[in-house]
Amino acid sequence: MNTHVVDHPLAAVLLTTMRDARSDNATFRAALRRLTHMLVYEAMREAPVDTFDVVTPIATTDGVRLSHPPLLVPVLRAGLGMVEQASSLIPQARVGFVGMARDEQTHLPVPYLESLPADLSGIPVYVLDPMLATGGSMVHTIDLLVARGATDVTAVCVVAAPEGVAALTASGHPVRLVTAAVDEGLNGDAFIVPGLGDAGDRQFGPR
Ligand SMILES: O=P(O)(O)OC[C@H]1O[C@H](OP(=O)(O)OP(=O)(O)O)[C@H](O)[C@@H]1O
Ligand SMILES: O=c1cc[nH]c(=O)[nH]1
Ligand SMILES: [Mg+2]
C-alpha cells in the first residue's frame, strides 16, 4: 500500500494548530479546512486529464479537464469538516456519505449511515476522514466501496497511526493513503499518540 506523507511547512503549521489542545472548535475546523485543501491538492497530483481546445481572447490553446471526476466520501462525523473544501477544489466531484462511530469499549466501528452510488466501477474515490487509528472505520468504508465496484480508492487523512496503515495494507484493498503525518502509535483507548484528540468532538463538541 502506497503512503504519501504531505511534508510541507504550511501543512505542518496547520497540523500544529489542530494538535494544540488550546485550539477551540472554530479554530480547529478552520485549520482542518485549509489543510484539506493541501491534502486533496497533493492527492490529485497524478489524476489523468483529457485535453481539448480552449479559445482565449487571443488564440486557441490546449485546455484540460479531469478524465474521471471522482466521488468524495466523508466519513461522519469528523470527515464532514473536509468535504466542503474538497468539493470546492473539485467542483465536478460527486459526494457520497458513510457514518459510523467507534464503540468506546471494543474500539470497533458501529455503522449508522450509508449513502453511496450503486455502481462505482471506473470512478476514483477519495475517502475523507481526519483520523486513521486502528483502521477499522476506513477498512469498513473501503469494504462498502469495493462491494460497489471501486478499484481506485484514496484515503485522505490528517493523522495516521502505524496500526491503521498496517490494517489498510492487510485489507488487500486497492487503496493508497495521503496524510499529513504518521504518528507514534495508539494508546490503551486506541487514540493516536500524540494525535490531536477526538477529531469529531474537536469540531462539533462531544457526542
Ligand atoms: O481507525 P479507527 O480506530 O476506526 O478510528 C478512526 C475513526 O474514529 C473517528 O471517528 P469516531 O468513531 O470518533 O466518530 P465521530 O467522527 O463521530 O467522532 C475518526 O473520525 C475515524 O472515523
Ligand atoms: O485519536 C483518535 C482515534 C480515533 N478517532 C479520533 O478522532 N482520534
Ligand atoms: Mg469521534
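**Entry 1: ligand 1, where it sits**

I started with ligand 1 and found that it sits in the largest pocket. I then looked up which elements give two or more residues to its shell, and got strand 6 (97-102), strand 9 (131-132) and helix 4 (136-147). Strand 6 gives the most, with three residues. A reminder to myself before going on: this is a predicted model.

Which residues come nearest to ligand 1? Of the 17 around it, I noted Arg 77, Arg 102, Asp 129, Thr 134 and Ser 137. Sorted by class, the shell around ligand 1 has seven nonpolar, five polar and five charged residues.

For Thr 134, an N or O atom in the side chain is 2.6 Å from an oxygen atom of the ligand. Ala 78 uses its backbone: an N or O atom there lies 3.0 Å from an oxygen atom of ligand 1. For Asp 198 I wrote down 3.4 Å, between a side-chain N or O atom and an oxygen atom of ligand 1. I also checked the cover: on its own ligand 1 has 500 Å² of accessible area, and the protein covers 96% of that.

**Entry 2: ligand 2**

Where does ligand 2 sit? I found ligand 2 in the largest pocket, and that is also where I had placed ligand 1. The residues around ligand 2 are Arg 102, Met 131, Ala 133, Ala 190, Phe 191, Ile 192, Gly 197, Asp 198 and Ala 199. By class I get six nonpolar, one polar and two charged residues in this shell.

The contacts I looked up for ligand 2 go to the protein backbone. A polar backbone atom of Ile 192 is 2.8 Å from an oxygen atom of the ligand. For Ala 199, a polar backbone atom is 2.9 Å from an oxygen atom of ligand 2. With Gly 197 the ligand atom is a nitrogen, and a backbone N or O atom of the residue lies 2.8 Å from it. Of the 240 Å² of accessible area that ligand 2 has on its own, the protein covers 89%.

Most residues other than glycine have a negative phi, and most peptide bonds are trans.

The peptide bond from Leu 76 to Arg 77 is cis, with omega near -5°.

I found another cis bond from Val 193 to Pro 194, with omega near -5°. I placed Pro 194 in the loop between strand 13 (192-193) and helix 6 (199-204).

His 107 is not a glycine, but its phi is positive, near 65°. I found His 107 in the loop between strand 6 and strand 7 (109-115).

**Entry 3: the whole chain**

Last, I stepped back. How many helices and strands does the protein chain have? I noted six helices and 13 strands. Its C-alpha trace spans about 60 × 40 × 30 Å along the principal axes. The radius of gyration of the chain is 17 Å, which agrees with a compact globule, because one with 207 residues would have a value near 17 Å.

Notes: Residues numbered from 1 in each chain as written. Chains lettered and ligands numbered in written order. Predicted model: local features only at pLDDT ≥ 70, side-chain atom pairs only at ≥ 80, totals over all residues. Heavy atoms only, no water. Near = heavy atom within 4 Å. Polar contact = N/O pair within 3.5 Å; in protein donor to acceptor, adjacent residues only side chain to side chain. Areas by Shrake-Rupley, 256 points an atom, 1.4 Å probe, with all protein chains shown as cover. 1 Å grid on protein atoms, 1.4 Å probe; cavity = no way out; pocket = protein on both sides within 12 Å on 5 of 7 lines; lining within 4 Å. Sits in = over half its atoms within 2 Å of the grid points. Nonpolar A, V, L, I, M, F, W, Y, C, P; charged D, E, K, R; others polar. Helix = DSSP H or I, 4+ residues; strand = E, 2+ residues; numbered from the N terminus. Rg over C-alpha atoms; globule rule 2.2 N^0.38 Å.
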